[in-house]
Each structure stands twice: as structure tokens, then as C-alpha cells.
Amino acid sequence: METFKTLLRAGNVERRVLPAKPGMQYVGPEYDQSEMVYPMGFIRDGRVVFVGVEARTGQAMGENR
């Protein structure tokens, strides 16, 4: 049986992730319910970068463009 784990609110995730992204302009979060991930949008050097953040732990999973 799978244990239910509470999801973090977007604001809590932002407080964890934003300090680790200096120099990047924050666009905002989305929520992917099927993956339980917040793709958080940033602009760096004129390009949009998404940082995937695990919604249960707040851990950044990586960047993609």
C-alpha cells in the first residue's frame, strides 16, 4: 500500500528554490498533477528555462529549455 504524502504549496516551493537561482528572472510556477511536479519558469539570457521541482519534497530535479 502506498503511503500518502502531502504536497507542498507553490509558495513554499518558491521560498526553497528562488534563492538558488540568482540572476534569473522568475516567471512563475505551474503544476503537473500527473507527475506531481512544479515546472517553475525562469528567464536566463533571454531564454525561458523550466526547473522541475518535486511537489512532495521541494527538491529541484533539473532544468530544461
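Colleague: Which side chains meet in a salt bridge with Arg 56?

Modeller: Look for a side-chain nitrogen of Lys or Arg within 4 Å of a carboxyl oxygen of Asp or Glu. This is a predicted model. In this model the side chains of Glu 54 and Arg 56 meet that way, at 2.6 Å from N to O.

Colleague: Is Glu 54 buried or exposed?

Modeller: Compare the relative accessible area with the cut-off: buried means under 20%. Glu 54 has 12%, so Glu 54 counts as buried. Arg 56 has 29%, so Arg 56 is partly exposed.

Colleague: What else lies around Glu 54?

Modeller: Start with the backbone. The nitrogen of Thr 57 lies 2.8 Å from a polar atom of the Glu 54 side chain. Then leave aside neighbours within four places in sequence. Glu 54 is in contact with Met 36, Gln 59 and Met 61. Glu 54 itself lies in strand 3.

Colleague: How many salt bridges does a search of the whole structure find?

Modeller: It finds 3. One of them joins Lys 21 and Glu 63, at 3.0 Å from N to O. Lys 21 sits in the loop between helix 1 and strand 1, and Glu 63 sits in strand 4, 42 residues apart.

Colleague: With which residue does Arg 44 form a salt bridge?

Modeller: With Glu 63; the closest N and O atoms are 2.8 Å apart. This pair also links distant parts of the chain: Arg 44 is in strand 2 and Glu 63 in strand 4, 19 residues apart.

Colleague: Where is Glu 14, and what is the nearest side chain of opposite charge?

Modeller: Glu 14 lies in helix 1, residues 10-17. Glu 14 is buried yet has no salt bridge. The nearest side chain of opposite charge is Arg 15, 6.0 Å away. Beyond four places in sequence, Glu 14 is in contact with Pro 19, Tyr 26, Pro 29 and Met 40.

Colleague: Now the strands. In which sense do strand 2 and strand 3 pair?

Modeller: First find the residue ranges, then the bridges. Strand 2 covers residues 37-44 and strand 3 covers 47-54. They pair in the antiparallel sense over 8 bridges. For one example, Gly 41 has Phe 50 as its bridge partner in strand 3.

Colleague: How many residues lie between strand 2 and strand 3 in their hairpin?

Modeller: There are 2. Check the turn for a positive phi: Asp 45 has one of about 55°.

Colleague: Which pattern does the chain follow along the sequence?

Modeller: List helices and strands in order. The chain has 1 helix and 4 strands. The pattern reads α-β-β-β-β. The C-alpha trace spans about 45 × 20 × 15 Å along its principal axes.

Technical notes:
Residues are numbered from 1 along each chain as its sequence is written. This is a predicted model: local features need pLDDT of at least 70, side-chain atom pairs count only at pLDDT 80 or more; totals for chains, interfaces and linings use all residues. Side-chain values use heavy atoms; hydrogens and water are left out. Two strands pair if DSSP finds at least two bridges between them. Buried means under 20% relative accessible area, exposed over 50%, partly exposed in between (1.4 Å probe, protein chains only). Lys and Arg count as positive and Asp and Glu as negative; His and the chain ends are not counted. Contact means heavy atoms within 4.5 Å. A polar contact is a pair of N or O atoms within 3.5 Å; within protein, one must be able to donate a hydrogen and the other to accept it, and residues adjacent in sequence count only if both atoms are side-chain atoms.
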